[in-house]
Amino acid sequence: MLPLVRGKVDRMSCSRSTDLAELAGARSISVAEVPVAENEPLARDTYRLRIYHPPMARRFLPGQFLMLRLADCDDPLIGRAFALYDTVLDERGEPCGVDVVYLVKGKLTRRLARTPVGQRVLVWGPLGNSFPPIAVDEVVMVAGGIGQTPFLAWARELAGQRMFGEPPRRVPVVPRRLLLYGTRTADLLAGLEAFAQAGLEVQLATEDGSRGHAGRVTELLEKILQCGKRPAVVACGPDPMLAAVAQLCFQYEVPCWVSLETPMACGIGICFSCVARVRQDGDWDYRRTCVEGPVFDARCLVW
Ligand SMILES: Cc1cc2nc3c(=O)[nH]c(=O)nc-3n(C[C@H](O)[C@H](O)[C@H](O)COP(=O)(O)OP(=O)(O)OC[C@H]3O[C@@H](n4cnc5c(N)ncnc54)[C@H](O)[C@@H]3O)c2cc1C
Ligand code: FES
């Protein structure tokens, strides 16, 4: 069984030194065994899982994640990370639950897809940093595969629809918000209605041409940058896609953040299984994606 620490984790930028002493920082983590409240299909092999836990829901910021494992089963032993998709509000408009969206891929997600409502899961969060508040005219979110999941809550926040965190954080409203969303094929596209309700303009790409642009989502980004637009870009998806997005943003000199999906074991900064290479003083060093990330300024990372 994992050593589940009821502790506090601080958020650190990629330029600061990592030191376990800093784990005694300011932000507390909820650890809870809760029943699955909903587990609904959204698209092929893609489900939205809902749990109710008001203290956790109140603290969540867009870009953060939780760790989840099955409560009554040690296979898989290690929890998996899932980004905040959205918070659920109660009748007073207070956050009371958390939605995550998962793609069936391996051990845990195969079991999750068969998990009935009422079965208990162990969750700990909120974890990691968050998307930075940015004062710009336009944000372009670039999502590859299941990498769309962190963008719904952030889109609501940037549109001024919803505030997140405890106390609720106030971020500048971004007037133009665009999601570039690419998957291999159309039936993997998930949550399009929710993204539209969150006030996002959505451009789609599928590798087999079954919906939207036929090709890679990075080609949509390149077209936008070629037109002379200079938005802030934030990307989440497979590493090769993130590298391509970062490269384009360096070339066109636009700011870029990436949310990494590095495999994780503890999620709270103890096991160092999640390290990413970060530039430091002309050299590089490791940073834990679960604490200093998952959101990094693309210029900080060694690509
Ligand atoms: C911060 C963060 C947020 C995430 N958010 C989501 C989310 O919102 N929805 C979602 O579906 N998944 C998300 N993931 C990935 C998720 O944590 C799991 O890794 C994934 O669901 C596979 O778990 P599994 O047990 O089903 O597969 P496993 O049995 O663990 O693995 C299946 C295969 O995928 C590979 N693999 C495992 N984890 C990763 C990874 N992170 N990246 C690339 N390959 C991997 C394994 O090597 C193996 O080949 C996130 C990961 C991180 C770090
Ligand atoms: S997952 Fe254990 S240190 Fe990051």
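Mentor: Gladly, and keep in mind that this is a predicted model. Let us start with a pair of facing residues: Ala205 stands opposite His213 in β14.

Trainee: Which strand does β14 pair with, and how do the two run?

Mentor: Two bridges join β14 to its partner, and the two strands run parallel. That partner covers residues 201-206. The strand is β13.

Trainee: What is the strand order of the open sheet of seven strands?

Mentor: The pairing in this sheet is mixed. β14 (213-214) and β19 (295-297) each pair on one side only, which puts them at the edges. Read across, the order is β14-β13-β12-β11-β15-β16-β19.

Trainee: What angle does helix α6 make with β16?

Mentor: Helix α6, residues 239-252, packs on this sheet and touches β11 (138-144), β15 (232-236) and β16 (256-259). The direction of α6 and that of β16 make an angle of about 170 degrees.

Trainee: How are α5 and α6 oriented to each other, roughly parallel or roughly antiparallel?

Mentor: Two packed helices are described by the angle between their axes and the distance between the axes. Here the axes of α5 (residues 217-226) and α6 come within 10 Å and cross at roughly 10 degrees. Angles under 35 degrees count as roughly parallel. The two helices, α5 and α6, are therefore roughly parallel.

Trainee: Which residues make that contact, and how do they divide by class?

Mentor: From α5 come Thr218, Leu221, Glu222 and Leu225. From α6 come Met241, Ala244, Val245, Leu248 and Tyr252. By class, the contact has seven nonpolar, one polar and one charged residues.

Trainee: Where are the cis peptide bonds from Asp75 to Pro76 and from Gly125 to Pro126?

Mentor: The bond from Asp75 to Pro76 has omega near 5 degrees, and the bond from Gly125 to Pro126 has omega near -5 degrees. Pro76 sits in the loop between β6 and β7. Pro126, in turn, lies in strand β10.

Trainee: Which strands stand at the edges of the open sheet of four strands?

Mentor: The order is β4-β5-β9-β8, with antiparallel pairing. The twist from one strand to the next averages 30 degrees. Two strands have a single partner each, so one side of each is left without a neighbour in the sheet: β4 and β8.

Trainee: Over how many bridges do β5 and β9 pair?

Mentor: In this pair, Tyr52 stands opposite Gly97 in β9. Strand β5 covers residues 46-52, and the antiparallel pairing with β9 runs over seven bridges.

Trainee: How many residues of each domain are in contact with the other?

Mentor: The domain assignment gives domain 1 (8-127) and domain 2 (138-300). Their centres, taken over C-alpha atoms, are 19 Å apart. The contact involves 31 residues of domain 1 and 33 residues of domain 2.

Methods
Residues are numbered from 1 along each chain as its sequence is written. Chains are lettered from A and ligands numbered from 1 in the order in which they are written. This is a predicted model: local features need pLDDT of at least 70, side-chain atom pairs count only at pLDDT 80 or more; totals for chains, interfaces and linings use all residues. Domain bounds come from an automatic or database domain assignment. Two residues are in contact if their C-beta atoms, placed from the backbone, lie within 7 Å. Two strands pair if DSSP finds at least two bridges between them. Axes are lines fitted to C-alpha atoms, for helices over the stretch in contact, and angles run from 0 to 180 degrees between N-to-C directions. Angles under 35 degrees count as roughly parallel, over 145 as roughly antiparallel, 65 to 115 as roughly perpendicular and the rest as oblique. Ala, Val, Leu, Ile, Met, Phe, Trp, Tyr, Cys and Pro count as nonpolar, Asp, Glu, Lys and Arg as charged, and the others, Gly among them, as polar.
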